[in-house]
Amino acid sequence: MPIVRVALDVPLSTLFDYSVPEGIAVEIGLRVIVPFGRRQMVGVVMECVTATDVAPERVKPVNQVLRDCAPLSAQLLNLLRFCSDYYRYPIGQTVLSALPTRLRSDKPIVSKPILNYRLSKNGAALDLESFPKRKVVQRRILARLAGQPCSLVQLKSLSPTAGIQLKALLHEGYVEHCEEPLPSAEHVFDNAHTLTGEQQQAVNAVTAAQGFACFLLHGITGSGKTEVYVHLMHDVLRRGGQVLLLVPEINLTPQLENYFRSRFPDVNLISLHSGLSEGERLHNWQQAQLGAAQIVLGTRLSVFAELPGLALIIVDEEHDSSFKQQDGLRYSARDVAVFRANQCGISIMLGSATPSLESYYNAQSGRYRMLKLTGRALAEARLPAVRSINITQTVMHHGISENLLHEIGQRIARKEQSLLFINRRGYAPVLMCTGCGWLSGCKHCAGKMVLHLKDQRLRCHHCGYQIRVPRACPDCGSADLIPVGSGTQRVESVLQERFPDARILRVDRDSTRNKRAWQTMREQIHANEVDILVGTQMLAKGHDFPALTLVGVLNPDSALYSSDFRAPEKLFAQLVQVAGRAGRADKPGEVIIQTAFPDHPLFRALQTHDFEGWAVSQLAERQMAGFPPFVYQAMLRAEGKEESEVYAYLNQARTAGIALRQEVEIFGVVPAALPRRANHLRAQLLIQAASRKSLQQFLRAWQPSLDSLEAKKLRCSLDIDPLEF
Ligand SMILES: [Zn+2]
Ligand SMILES: [Zn+2]
C-alpha cells in the first residue's frame with residue numbers, strides 16, 4: 001500500500017502517515033488535504049514510502065491532492081528540513097510557515113495566466129504616421145509592439161501611464177493578448193555609472209567565483225554598494241539566472257523596487273514581504289517558482305521563496321537584527337541564506353557599512369572573502385566630521401546642549417537641514433512625583449509607562465496598556481508631577497520654543513502609523529520644506545536627504561554600559577548609519593554626539609571612521625569574555641502567570657540538560673531583561689558551547705526531555721543563536 005508522510009501545521013516534531021487511495025497519483029512536494037482529528041488540514045507530502053509502523057486500521061487515506069500549484073522542489077524541502085533541525089522547530093510548522101497564506105488554506109487557488117501583448121490585425125495594418133500625434137504613450141506602445149510581442153513589465157517601462165494607455169489600445173482593438181512565451185531577448189542594462197576601481201574589483205571577484213563562495217562587502221556609507229549589486233545582477237541576468245536580494249526593512253522595499261526597476265527596465269522584478277496582500281504575495285511567489293521573476297526583492301521571509309534558477313543571493317545591511325525572526329521559527333534569514341547558497345553551490349554577498357561581528361570574524365578567519373570599498377563613490381563627497389560634546393561641561397536645555405542649538409540655528413540661516421537622532425519616542429520616558437519619588441510604572445510590566453503629551457496619555461511600549469495622565473500622584477496625592485528624560489515629542493517642543501519659525505518634522509512610529517504618512521514626509525524633506533527633523537532609528541536607514549548637513553545624537557550613553565553585550569555593536573552601527581545621512585551631496589556634513597563619556601573608544605572610533613579598529617577591539621573583548629562569535633548559544637525562555645511554574649519548568653529543563661553530561665555550559669535560570677510583561681513572569685536559561693556541532697548535538701539529545709516536561713500554562717521557546725537577552 002503506498003503511504004505518504006505529510007508535514008502538517010501542528011506543534012509536534014513528526015510527519016504523519018496517510019494511505020493513498022488507488023488511482024490517485026501523488027508526488028513529493030505536493031499539497032494534500034488530509035483528515036487530522038476531526039478537522040481537514042492542508043499538508044505537504046515530504047516522503048513517499050511503501051510501509052508504515054502505524055497500525056493499518058489507524059492509517060487514514062489522503063482526502064484530496066491539490067494540483068493547483070507545482071510541487072515544492074526537493075531543494076526547498078531540504079532547506080526547510082535543515083531549518084527545522086537547526087532551529088529545533090517542528091517540521092510541519094516550519095514547512096507550512098514558509099508558504100504564502102493562500103497555499104496553507106484548503107481552498108484551491110486560481111492563478112492568473114501570465115499574459116503578453118501583441119498587435120492585432122487592425123494594429124498591424126495601422127499606419128503609425130496617421131495615428132494622432134498627441135497620443136504619445138500609445139504611439140510608443142504601438143511602435144514597440146511592431147517589433148515583437150512584449151510583457152506588461154516591458155511596456156510599463158515605456159511610461160508610468162503605459163498601463164492605462166494599453167487598456168485603451170486593447171479596447172480599441174489595436175492590441176491583443178497572447179499566451180505564448182516571449183522570445184528571450186538580451187535584457188536592457190542602463191550602464192550609466194562607471195565603476196570605481198574598488199567596485200570593479202568586487203564585481204570581478206564575485207563573477208570569477210566557482211561554486212559556493214561567501215563574500216563580505218564592507219563599504220563605508222556612500223561608497224556605492226548598490227552599484228556593485230547592480231553589476232552583479234546584470235551578470236546573472238545575462239546568464240539567465242535568478243537573483244534573490246534580501247533587505248531588512250519593509251519600509252525600504254518600495255524605494256528599492258523603483259530603483260532596481262529603473263536600472264533593469266525589461267526585467268521581471270517582484271517583491272515578497274508581509275506588507276503585500278495575500279493575493280499579491282501568492283502571485284509573486286508563483287512568479288518566482290515558475291522562474292518568470294528574474295529578481296526577487298524581499299524581507300526575511302523571501303529566503304524561503306522557490307527559485308529554480310537561483311544563481312546569486314545578496315543580503316543588504318547584513319548586520320541588521322530584523323533579519324532574525326523573533327517568534328515561531330526563530331531563524332536568521334542571513335544565516336539561512338548562507339546555508340542556501342552553500343546548498344545550491346552559488347555565490348552569496350553580504351553587504352554592510354558596519355558588518356556584524358560574526359560576519360567580520362568569519363571574513364578575518366578566512367571562511368568568508370572580504371571585499372572593501374573604502375572611498376565614497378562621488379569623489380567630492382566627504383565623510384562627515386564627527387565630534388563629541390561633553391554634556392557634563394556645558395549648558396543643557398532639557399536634553400539639548402547650547403552648542404548644538406547654536407549649530408542648528410546656523411543651519412536654518414543657511415537653509416540647510418538638521419536631524420536630531422533620539423532613540424525614544426513619546427514626550428519623556430517617565431513621569432515622576434517630586435513629593436515622594438513615584439514613577440509611572442506599568443501595572444502589567446516591569447517597565448515604565450512613557451508620557452505622550454499630545455493626547456495626554458501614559459503608554460506602556462511593552463504591552464500597549466495606556467491611561468490618562470493622572471492629575472495627582474496616585475501614592476501621595478501631590479500635584480507636582482514632572483517628566484524625566486527626553487523623548488522625541490519633548491525635543492520637538494524644546495526646538496519649537498527656541499526656533500518659533502522653523503519647520504520641524506517628527507519621524508517616529510507614532511507619527512508614521514499611517515501607511516502614506518512616511519512617504520509624504522520623505523517628499524517634504526526632499527523638497528526642503530523641513531528645517532529640523534527629529535527622529536528615531538526609522539530615520540537612520542537608507543534614505544538620502546541632500547540638504548541635510550547636521551546630525552545631532554542626543555542620548556547614546558545607555559548602550560555603552562548595557563547588560564546586553566551586543567548593545568555597543570548595535571549603537572556603533574546605528575550611529576554610522578545616521579551619520580551617513582549628513583553631507584551626502586556637495587555640502588560637507590557634521591555630526592555632534594552629546595555624551596557624558598566623550599573619550600569612550602566607541603566615539604573615538606566614530607570620529608576617525610575606524611570601523612576596523614573598533615571591530616578588532618570588540619572581538620578581542622568578546623574573546624576574553626567568552627561571548628559570540630567565539631561561543632555558540634541557545635536560549636530557553638518561558639513565561640507564565642505563576643512565577644513558581646516558570647522557574648520549575650526551567651529548572652527541570654536545566655537538570656535534564658546537566659544529566660546528559662555533554663560538552664556544553666548550562667547557566668542558571670535567571671529573570672529576563674524585562675522580568676514581567678503584560679502580567680506574565682519571564683525567565684530564561686542560557687546554554688553555551690565552544691562549537692556549533694557540540695551545541696547542536698546537545699540540543700538534539702535534550703529535545704525529548706523538553707517535550708516531556710509539563711508546560712501547559714507556559715509560553716516556552718527555544719532560540720538558537722539568540723540576539724536578544
Ligand atoms: Zn507622590
Ligand atoms: Zn505594560
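## Helix α9 and its two sides

In helix α9 (residues 253–263), N258 and S262 are exposed, whereas the buried residues are T253, F260 and R263. A residue is called buried if 20 or more other C-beta atoms lie within 10 Å of its own, exposed if 12 or fewer do, and partly exposed in between, with the C-beta atoms placed from the backbone. Helices (H or I, at least four residues) and strands (E, at least two) are DSSP runs, numbered from the N terminus.

Contact here means that the C-beta atoms of two residues, placed from the backbone, lie within 7 Å.

## Basis of the model

This is a predicted model, in which local features need pLDDT of at least 70 and side-chain atom pairs count only at pLDDT 80 or more, while totals for chains, interfaces and linings use all residues. Residues are numbered from 1 along each chain as its sequence is written, and chains are lettered from A and ligands numbered from 1 in the order in which they are written.

## Domains

The protein chain is divided into domain 1 (3–104), domain 2 (116–178), domain 3 (197–373), domain 4 (385–428 + 485–621) and domain 5 (632–720), with bounds that come from an automatic or database domain assignment. Between domain 4 and domain 5, the C-alpha centres lie 39 Å apart.

## Helix α6 and its contact with α4

Helix α4 (residues 136–147) and helix α6 (residues 162–172) pack at an angle of about 75°, and their axes are 9 Å apart. Such axes are lines fitted to C-alpha atoms, for helices over the stretch in contact, and the angles run from 0 to 180 degrees between N-to-C directions. That angle makes α4 roughly perpendicular to α6, on a scale where angles under 35 degrees count as roughly parallel, over 145 as roughly antiparallel, 65 to 115 as roughly perpendicular and the rest as oblique. From α4, V137, Q138 and I141 meet A162, Q165, L166, A168 and L169 of α6. The residues of this contact of α4 with α6 divide into 6 nonpolar, 2 polar and no charged; Ala, Val, Leu, Ile, Met, Phe, Trp, Tyr, Cys and Pro count as nonpolar, Asp, Glu, Lys and Arg as charged, and the others, Gly among them, as polar.

The buried residues of α6 are A162, Q165, L166 and L169, and because they cover an arc of only 105° around the axis, they are on the same side of α6. The face turned away from that buried side carries the exposed residues G163, I164, K167 and H171. The elements that cover the buried residues of α6 include β6 (116–119), α4, α5 (152–156) and β8 (175–178). After α6 comes G173, whose phi is positive, near 85°.

## Helices α12 and α18

The axes of helix α12 (residues 357–364) and helix α18 (residues 611–625) come within 11 Å and cross at roughly 95°, and α12 and α18 are therefore roughly perpendicular to each other. L357, Y360 and Y361 of α12 make the contact with A615, Q618, L619 and R622 of α18. By class, the contact of α12 with α18 has 5 nonpolar, 1 polar and 1 charged residues.

## Loops and backbone geometry

Most residues other than glycine have a negative phi, and most peptide bonds are trans. A cis peptide bond joins P628 and P629, with omega about 10°, and P629 is placed in the loop between α18 and β29 (632–640). H398, in the loop between β17 (396–397) and β18 (400–401), has a positive phi near 45° and counts as partly exposed, with 14 C-beta neighbours inside 10 Å. N679, in the loop between β30 (665–677) and β31 (680–689), has a positive phi near 65°.

P556 lies in the loop between β27 (548–553) and α16 (567–579) and is buried, with 24 other C-beta atoms within 10 Å. Leaving aside its neighbours within four places in sequence, P556 is in contact with L571, L575, I593 and T595.

Methods. Arc of directions from axis to C-beta.
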